[in-house]
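Trainee: I am new to this structure and would be grateful for a close look at one part of it, namely the places where its chains meet. Please take me through them in order.

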Amino acid sequence: MIIIATVTVFFMLGAALSVFFFKDLMNAVVASSLVSLTATVLFYLLQAPDVAMAEAAIGVALVTGIFVVAIRRTERYEK
Amino acid sequence: MNAITILFLSIICLGLFLSFLRMLSGPTAPDRAVAVDTMTTIIVATLVLVAFILERYIYLDVALVYSLISFVGLVALARFLEKGF
Amino acid sequence: MYYLGVVVTGVGVLFLCLGGIGLFRFPDVYNRVQAGTKCTTLGAFATIIGVGIMEPTWFWKTLIIALFILATNPISSHSLGRAAYKSGTELAEGSVVDMASEFEEYSEE
Amino acid sequence: MKELLSLRGLIALFLLVVIGVGIFSAVGKIPFGQPDSEVGSAYLEDGRQETGAANTVTSVVVGYRALDTLGEVAVLFIAATGLSTILATSKKRIDRKLEDASLVLKTGCRVFFPMILLFGAYLFIHGHLTPGGGFQGGAVIGSAFLLTYLGCSGRRVSRTASRSLESLSGFGFVFLGLIGLMVGESYFLSNFLPKGELYSLLSAGIFPLIYILIGLKVGAEFAGVIDSMIEESR
Amino acid sequence: MSFLSSYIYYIGAFGLIIIGLLVILLKRNLIKVIIGINLLDTGVNLFLISTGYLKGGTAPIFSPGYGAVPSAMVDPVPQGLVLTAIVIGASVLALALSLGIKVYDHYGTLDLDKVRGQRW
Amino acid sequence: MSKVKSFFYLFSVLFLVWLGFTATFQLQELALGLTLSFLLSLIFYKTYVNIGFPPLGIKRFVFALIYIIVVFKEIIKANLDVAYRAVHPKIPINPGIVIIRTNLNGDVAKTVLANSITLTPGTFTLDVIGDRLLIHWINVESKSEEEATKLIGERFERYLRIIFA
């Protein structure tokens with residue numbers, strides 16, 4: 001179990017750092033949805049399936065959709 | 001949690017790692033989205049495997065949420081990229 | 001029965017890993033969709049069904065998870081491929097034929 | 001990268017180091033894997049007999065801490081109302097040619113929409129037995145409405161329907177609490193219905209009712225949020 | 001290895017909090033700042049859940065075929081708190097994004113340096 | 001398809017899905033499932049009138065089972081093919097985008113065809129307009145429309161034409 005937890009934490013921090021460096025906001029949204037995906041796995045491994053389910057249902061679909069709508073309304077590239 | 005499951009989890013981690021590298025280095029936005037799609041599918045399988053290792057039947061519901069909902073966010077990204085919606 | 005489940009799960013796990021390798025090595029978006037989202041579809045299907053075989057009381061739930069994966073994954077990969085094609089991603093070097101421009105003519109009929 | 005090397009970046013890094021050391025020295029001493037919360041163990045020991053719910057998280061959220069949940073539901077309502085008020089004054093319209101959704105997506109959206117709704121209903125009805133509940137089920141229902149906006153262009157949620165469903169379920173929540181105040185052990189949201197048999201669907205008193213109301217409310221709220229964000233800014 | 005096995009979740013949570021703060025403090029784009037707030041939110045939730053973890057414990061859900069005793073279950077109180085915090089986080093995020101849309105309408109840009117008085 | 005038929009179609013599908021979710025046969029769960037499927041299909045059956053679901057029948061059912069087996073065989077065969085291409089050191093691919101035709105009509109029939117083509121790796125559907133499908137093929141064997149139709153679509157379409165006739 002510790003293997004997959006370590007690997008998942010590594011992915012999560014990597015994706016979060018890549019949010020800092022991406023200039024295209026779409027890429028940042030993709031990376032933040034990856035952060036939410038890995039956070040779900042960590043909640044699951046911490047024996048909290050309720051929280052994992054809430055994070056899955058909200059982080060993977062709703063938050064991504066709302067960010068995409070806001071980016072469509074404003075502008076895509078960070079200057 | 002015996003040797004076989006440790007082997008399975010290690011192989012899954014290798015696949016996840018390669019997709020993660022594609023997420024970091026993909027030249028365009030669709031590349032990264034495809035990488036996240038792949039990681040989602042792999043993670044659904046991982047969740048079912050971990051539920052088997054922990055021997056809890058009720059944990060399968062989380063995998064069910066992923067298998068039904070995960071395509072909505074990716075479809076939102078795709079519809080933005082093809083300038084629809 | 002248990003060993004059959006272990007074998008099926010092992011095959012699925014191998015296909016998941018192969019999907020990752022293909023996603024990493026192929027040259028352009030379309031080929032990556034081929035490898036990435038469909039080797040992993042079969043891999044996830046086999047892994048989940050294998051768990052269901054190993055633990056027979058879980059079979060129906062695992063079957064329905066696997067069926068939903070089989071039904072929803074083509075939609076998302078089709079949308080991503082269409083997004084790449086509509087946003088003008090170029091094919092990789094060494095591609096044989098590109099009939100997308102001819103296809104555009106049909107849409108105006 | 002160039003943000004990191006400017007004066008502002010250096011100040012921010014210094015601040016971050018201070019904050020990090022502060023947080024780590026404050027809460028890093030909490031041992032991992034050995035919680036010593038007596039509240040939690042008391043809930044775990046007595047929860048099954050007192051509430052009749054198999055899922056202890058459910059009995060914490062809608063039983064022992066139900067008043068907190070009422071406050072959180074109010075926060076949700078305020079956020080949704082504020083969002084639609086802010087966006088309602090939007091004047092700017094984007095006029096451009098939009099791509100139509102492809103046939104596969106349209107058909108898939110039509111086929112999967114009732115199934116996702118059914119799954120959300122399954123989640124919030126079985127909240128006291130499985131790791132589901134009103135918040136998760138509501139989020140799933142909200143995702144289903146997002147899918148209709150993506151796939152079937154032209155179809156939209158009636159705003160009066162979503163508003164009135166949200167208000168009615170919020171009202172139902174308060175009303176159940178007031179009935180408990182009158183009938184039961186005279187405190188807000190007391191569990192006045194029979195507890196039923198453990199692990200069966202009709203158990204745990206009013207918990208399934210509250211979770212159904214919360215699920216409808218959260219689902220209607222997210223549908224309204226998506227409707228405002230997509231339609232007001234088109 | 002024992003250090004990793006006992007603190008890996010804390011490392012993840014604190015790393016996420018620090019990176020979220022970094023994005024909030026250093027980036028000028030408003031939507032990216034909001035993504036940073038989202039990361040910070042996830043980190044705080046992860047930390048709260050990991051304080052309630054019991055080593056070798058299982059989820060606080062009783063089920064018919066599984067004989068778990070209450071003393072071998074993780075703490076349910078942080079899970080109940082975080083469950084509602086996630087939903088509230090999402091809807092507050094939507095509110096923040098709608099404010100960002102209004103800022104874009106008014107100033108024509110998302111750059112916080114150009115929006116007067118918004119950035120140090 | 002008439003309204004009553006589409007109502008019962010949706011009702012039975014939703015009830016089967018509910019049985020998969022709960023995976024028990026307790027009386028309370030069954031009653032709840034019946035009620036919920038009835039309500040949902042009462043609201044949504046109008047959407048399904050023109051979508052082109054096949055009517056039920058013994059012959060169609062048998063062919064649907066055969067079709068599922070054929071699709072699985074193709075998926076496994078093609079997956080091995082793509083896996084070979086992925087691990088080969090030189091990556092022997094020969095990609096291209098081709099057009100194929102289909103004789104099917106009805107939204108569901110075309111969607112099932114497109115999804116089957118998408119699920120077998122080596123080919124995937126980029127777009128559907130009218131009776132033509134735009135296919136990305138990882139190993140192009142023929143550039144002409146008829147040949148490609150015979151190679152890609154025909155193996156599924158044989159069965160689908162009977163099922164959705």
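This is a predicted model: local features need pLDDT of at least 70, side-chain atom pairs count only at pLDDT 80 or more; totals for chains, interfaces and linings use all residues.

Mentor: Let us begin with one pair of side chains: R32(C) and D31(B) form a salt bridge, and their closest N and O atoms are 2.3 Å apart. A salt bridge here is a side-chain nitrogen of Lys or Arg within 4 Å of a carboxyl oxygen of Asp or Glu. R32(C) belongs to helix α2 (residues 29-54) of chain C and D31(B) to helix α2 (residues 29-54) of chain B, so the pair joins two chains. Helices are DSSP runs of H or I with at least four residues, numbered from the N terminus. Over all chains, the count comes to 11 salt bridges.

Residues are numbered from 1 along each chain as its sequence is written, and chains are lettered from A and ligands numbered from 1 in the order in which they are written.

Chain C also meets chain F, with 42 residues from chain C and 43 residues from chain F taking part in the contact (heavy atoms within 4.5 Å). About 3,800 Å² is buried between chain C and chain F, and carbon and sulfur atoms give 72% of it. Buried area is the accessible area, taken with a 1.4 Å probe, that two parts lose on being put together, summed over both. The interface of chain C and chain F has 2 salt bridges. D127(F) forms a salt bridge with R82(C), with 3.2 Å between the closest N and O atoms.

Of the 11 pairs of chains in contact, chains D and E share the most contacts. Here 52 residues of chain E are in contact with 55 residues of chain D. Chain E and chain D bury about 4,800 Å² between them, 75% of it on carbon and sulfur atoms, yet 0 salt bridges are found across this interface.

Some chains do not meet. Chain C and chain E do not touch, their nearest C-alpha atoms being 11 Å apart. Likewise, no contact joins chain A and chain C, whose closest C-alpha atoms lie 13 Å apart.

Conventions:
Side-chain values use heavy atoms; hydrogens and water are left out.
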